[in-house]
Amino acid sequence: MLAYTIRRVAQSALVLLIVGLVAFSMFRFVGDPIENMLGQERTVEDIERLRDQLGLNQSFAVQYYRFLEGAVQGNFGVSYRQGRPVAEILMERAPATLELAAVSAILAIIFGIAFGVFTAIRRDGFVANFIMSASLIGVSLPTFLIGILLIYIFSVELNWLPSFGRGETVDIGGWSTGFLTESGLKALILPAITLGLYQMTLIMRLVRSEMLEVLRQDYIRFACARGLKDRTINFRHALKNTMVPVITVIGLQLGAIIAFAIITETVFQWPGVGLLFINAIQFVDIPVMAAYLMLISVMFVAINLIVDMLYFFIDPRLRVDRAGGH
Amino acid sequence: MSAAVLSIHNLSVEIPTRTGVVKPVDGVSYDIAAGEILGVVGESGAGKSMAGNAVIGLLSPPARIAKGEIWLNGTRIDALKGEAMRRLRGKQIGMVFQDPLTSLNPLLSIGDQLTETMLTHLPISRSEAEKRAVAALEEVGIPGAAERIDSYPHEFSGGMRQRVVIALALCAEPSLIIADEPTTALDVSVQAQIIALLKRLCRDRGTAVMLITHDMGVIAEAADRVAVMYSGRLAELGTVRDVLTQPQHPYTAGLMASTPLASAGKERLHQIEGAMPRLDKVPDGCAFHPRCEYAQDKCRAAPAPQISDSHAACWFPLIAEKVS
């Protein structure tokens, strides 16, 4: 298992390197940041001086190397727009996105698995059929539309929940959290539902179909023939066997939640890294964009690494280093 | 027969289909006494497994018991539902399935699967259950049972897994075991061991066994009595010696003639012409008559006569009725 872990970590590092390269090369086509940074009153000398100062006249390879060198040390350069270190800006914005993503993911996983199991066990029941039909809404409606609909119903018509922003936040050791204030929690509800709804319905439908498949297996029949209680059969025997493919998808979807947060953050004007990225694109703020993409890919890679490790705990057949055999 | 552990009386199983109701089991009756092994033989689709599933209450809908009675240790069980039936499964009726590779949950250790079964049915503590789990594995001949208790199913070979399955079926000490083709998926060399094991354990405990198989060799090896099924009905019922050496029903005779023997020469094996009728096209009269070399008008007109231990369900049995 240790060898496997090391191999996977090495693979992850390689993936990050390639992502960085692709992202970095793309930025060369986004536009020239100098255009935005200097106003109308500029001279050719000004442009040359700034270009030289930012290192933009160096070759692509050198720029990429310098970026990597800084990134490894946690230094992502200085934002062209705000003139502050990118790492500082990201640290300021990251808690908002991570809290939103975490709440969405937890909602999606808990309700997704619960509804999935329920609809699989009671597959001909009225309630199960209703949930299945309703889940089509979550799968088919685009995220921004769900967000706008929720704002219309709960903010505009009912006036129960705020339509934008994060509410009051409390600062704990550099991490600004919205969990501790009433307005912070209230502000979290609509964006979290918007962001998590699609993932929830996806997880639910996957759990349901996997569970139905598992319930047809011989070992479930044998468990029935041994007179085990329904609860034991459904949760101990069937659900556990359902989890391997489900965890794979959950892992991928967690990454997607963080990435898709861009849309939800735009709809709700949520002050997270997604919104930061959108603004950065408009201004061709390369250091911010590069750092954001690296951050997202680090999360994707880390989540997938954790998922791969989880397989070992769930499925004993993968623990190849275990003694035993025929 | 009051000493019978299992007594099936005139059991019929029905499956409603779009074209009408079919009867995979049709008016079957037999008893199994304590410590006795009843072999149930027949081709695929003859209704052997369906009858076994009806007894343990695991018919998959829409199949259902249409009529008849099932008695277990003097209690009628065919009408039991849900929770009452669940308590019976594993506790009073154990079941062994065909494929040991798929019968065990791959994610739970065999010790876990044994203890959960015992804790469900027996009023014992977890540590007692763990102790008994090791003993149960030792009994079915798993070497190093105490060390292998935490192993997972994939760490065992097919034959060893079937031993584990048998240990699981027997661990709550049921009075009846339904073994549905327990050796079909195994190596020939392992088959004999598994049969011998099943036989020994059930003899020792006085467990009744319904041994469902299509292998006449297994029947000859293990069973005390044999029930031959054809197209959902019983064709012949009797002691293994009588049925195997002096078959009365032409179908049984055909089955025996088509069983390869190691001692026999290289002449072509006998075949029974044709195939068993589809369940929705069972002919009138005796179901076997279209394939029977001895069929006469009466066979086509009237259903085969009542079966008994000394009389096959045939109008024209092959040998004279025995004097009982």
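**Chain A, overall**

I counted twelve helices and two strands in chain A; helices are DSSP runs of H or I with at least four residues, strands are E runs of at least two, and both are numbered from the N terminus. Everything here comes from a predicted model, where local features need pLDDT of at least 70, side-chain atom pairs count only at pLDDT 80 or more, and totals for chains, interfaces and linings use all residues. Residues are numbered from 1 along each chain as its sequence is written, while chains are lettered from A and ligands numbered from 1 in the order in which they are written.

I read the order in chain A as α-α-α-α-α-α-α-β-β-α-α-α-α-α. The C-alpha trace of chain A spans about 85 × 60 × 35 Å along its principal axes. Of the 326 residues in chain A, 32% are buried (20 or more other C-beta atoms within 10 Å of the residue's own, with C-beta atoms placed from the backbone).

**Helix α7(A)**

I looked at α7(A), residues 143-157, next: 15 residues, reaching 20 Å from first C-alpha to last, close to the 21 Å expected (1.5 Å times one less than the number of residues). α7(A) bends by about 25° at Ile151(A), taking the angle between axes fitted to the seven residues ending there and the seven starting there. Ile151(A) is also buried, as are Ile146(A), Gly147(A) and Leu150(A). The buried residues of α7(A) pack against α8(A) and α10(A), a contact being two C-beta atoms, placed from the backbone, within 7 Å. After α7(A) comes Asn159(A), with a positive phi near 60°.

**α10(A) against α12(A)**

How do the axes of α10(A) and α12(A) cross? I found them crossing at roughly 170° and coming within 9 Å, with axes fitted to C-alpha atoms over the stretch in contact and angles from 0 to 180 degrees between N-to-C directions. So α10(A) is roughly antiparallel to α12(A) (over 145 degrees). Residues making the contact include Met243(A), Ile247(A) and Leu254(A) of α10(A), and Phe300(A), Ile303(A) and Val307(A) of α12(A). I noted 14 nonpolar, four polar and one charged residue in this contact; Ala, Val, Leu, Ile, Met, Phe, Trp, Tyr, Cys and Pro count as nonpolar, Asp, Glu, Lys and Arg as charged, and the others, Gly among them, as polar.

**Chain B on chain A**

I then checked the interface: 27 residues of chain B are in contact with 23 of chain A. On the chain B side, α2(B), α3(B) and α4(B) each give two or more residues. The largest share, four residues, comes from α4(B). That side divides into ten nonpolar, ten polar and seven charged residues.

Conventions: A residue is buried if 20 or more other C-beta atoms lie within 10 Å of its own, exposed if 12 or fewer, and partly exposed in between; C-beta atoms are placed from the backbone. Angles under 35 degrees count as roughly parallel, over 145 as roughly antiparallel, 65 to 115 as roughly perpendicular and the rest as oblique.
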